[in-house]
Amino acid sequence: REKRNINLRTPIKTIVAILRNTADYVVAGITGPLKRYILSELNVWDFKVVPAEEEHDWVTLALTPDFKVLGKKLGSKMKAVSAAVKGLSHEQAVKCLEDGKLEIEGVALDTAKELVSKLTF
C-alpha cells in the first residue's frame, strides 16, 4: 500500500505472504480461523500463503557489502570481495544468511553486521 500509495479504504484484490521456516500450525492458523480477520483488517479480498519451496518465484535476495564497516577491515581486497558478494545467487545468499557467515578470499564475513540484504519482488 505504501509503495503504490493505496489508501487503506481502497480494497486490494490479493495479498501474498511469503513464509519461510514456519511451523505447520502457524500456516494452518493464518489460512484457517484467522483468515477472515486478516482479510477484514487489511481490506483485502483474497489472502495467499507462499511456501518456502516457491519463494524463488516471488522474491530475489541480493547481498551487498556494508562499505562503511568493511572498508577498514578489507582495504585493497574490497573490490574483489564486493564483486564476489554481489555475484551470489538467491540460493547462495539465503544459505549465507542462515549460516550467519561467508568466507571469501580468506576473509570471514559476518552476514548480520557486515553485509546488507535486499529483497526484490
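What is the place of Gln92?

Reply: Gln92 sits in helix 6, which covers residues 90-99. Before going on: this is a predicted model, where local features need pLDDT of at least 70 and side-chain atom pairs count only at pLDDT 80 or more, while totals for chains, interfaces and linings use all residues. Numbering starts from 1 along each chain as its sequence is written, and side-chain values use heavy atoms, leaving out hydrogens and water.

Back to Gln92: at a relative accessible area of 41%, Gln92 is partly exposed, meaning between the cut-offs for buried (under 20%) and exposed (over 50%), with a 1.4 Å probe and protein chains only. The Gln92 side chain reaches back to the backbone nitrogen of Ser89, at 2.9 Å. Ala62 is 30 residues away from Gln92 in sequence, yet their C-alpha atoms are 9.5 Å apart in space.

The chain has seven helices and six strands, counted as DSSP runs from the N terminus (H or I of at least four residues for helices, E of at least two for strands). Along the sequence that reads β-α-α-β-α-β-α-α-α-β-β-α-β. The C-alpha atoms fill a box of roughly 55 × 35 × 20 Å along the principal axes. Of the 121 residues, 26% count as buried. As for contacts (heavy atoms within 4.5 Å), among those between residues at least 6 apart in sequence, 64% join residues at least 24 apart.

Technical notes: Polar contact = N/O pair within 3.5 Å; in protein donor to acceptor, adjacent residues only side chain to side chain.
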